[in-house]
Each structure stands twice: as structure tokens, then as C-alpha cells.
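Take a walk through this chain, from its fold to its surface and its open space. Keep the sequence and the model side by side.

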Amino acid sequence: MHIAILDTDKLYTTFAEAVKTQAWLEQGLPTNALLISGPSRSADIAQVLAHGVHGPRELVVVLV
């Protein structure tokens, strides 16, 4: 399980908006920046597709 605690004053509509607002192009990405997407997809040698193999199976988001 992955638990993310987010400050609602620091939420952005898009990743591009966050990059621009936080001046990451000029200053570089912060060391604690995380980009969370949906569950991973992977296939074994027999080409059997499996979802959520890598990373957490659950995401809990707490808005503060």
C-alpha cells in the first residue's frame, strides 16, 4: 500500500503546470518528487498479462 499525504494548496491540474510553477526546469526536480500512475502491466515468458505486479496494489490519498 502506498499512502500519500497532500497539501491541497499545492495541487496542480497537470504535471506541466507543476513543472512551470515550481520552476523545475531552472532549478531541477526536487529529490522527493514522485509521479504516481496506474497499476503496472507486465507479461511473463508465456505472454500472460498481469496487472499491478510492480509497486503497491493500493493507493490511499489523504488531502490536508
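A pocket here is an open set of grid points with protein on both sides within 12 Å along at least five of seven lines, and its lining residues have an atom within 4 Å of a point. The model is predicted. With that in hand, start with the fold.

The chain has 2 helices and 4 strands. Along the sequence they run β-α-α-β-β-β. Of the 64 residues, 11% count as buried.

Now the open space. Rolling a probe the size of a water molecule over the atoms shows where empty space is left. The largest pocket holds about 920 Å³ of space. Lining it are 23 residues, and the closest to its centre are Leu 6, Lys 10, Trp 24, Ala 33 and Leu 34. Which elements supply at least two residues each to this lining? They are β1 (2–6), α1 (15–21) and β4. Strand β1 gives the most, with 4 residues. By class, the lining has 16 nonpolar, 5 polar and 2 charged residues.

Turn next to the surface. Which residues make the nonpolar patch of about 640 Å²? Leu 6, Leu 11, Leu 34, Ile 36, Leu 59, Val 61 and Leu 63 do. Leu 6 and Leu 34 link the two views: both belong to the patch, and both are among the residues closest to the centre of the largest pocket. Strand β4 (residues 59–63) gives the most to the patch, with 3 residues. This strand also supplies at least two residues of the pocket lining.

Is Leu 59 buried, partly exposed or exposed? Its relative accessibility is 45%, so Leu 59 counts as partly exposed. Partly exposed covers the range between the buried cut-off, under 20%, and the exposed one, over 50%.

One backbone detail remains. Most residues other than glycine have a negative phi. Ala 23 is not a glycine, yet its phi is positive, at about 55°. Where is Ala 23 found? Ala 23 lies in the loop between α1 and α2 (24–27). Its relative accessible area is 18%, so Ala 23 is buried.

Technical notes: Residues numbered from 1 in each chain as written. Predicted model: local features only at pLDDT ≥ 70, side-chain atom pairs only at ≥ 80, totals over all residues. Heavy atoms only, no water. Patch = residues over 30% accessible without salt bridge, like charges linked within 9 Å, V, L, I, M, F, W, Y side chains within 5 Å. Areas by Shrake-Rupley, 256 points an atom, 1.4 Å probe, with all protein chains shown as cover. Salt bridge = Lys/Arg side-chain N within 4 Å of Asp/Glu carboxyl O. Buried < 20%, exposed > 50% of the residue type's maximum accessible area, 1.4 Å probe, protein only. 1 Å grid on protein atoms, 1.4 Å probe; cavity = no way out; pocket = protein on both sides within 12 Å on 5 of 7 lines; lining within 4 Å. Points joined across faces, edges and corners; volume = space filled by probe spheres on them. Nonpolar A, V, L, I, M, F, W, Y, C, P; charged D, E, K, R; others polar.
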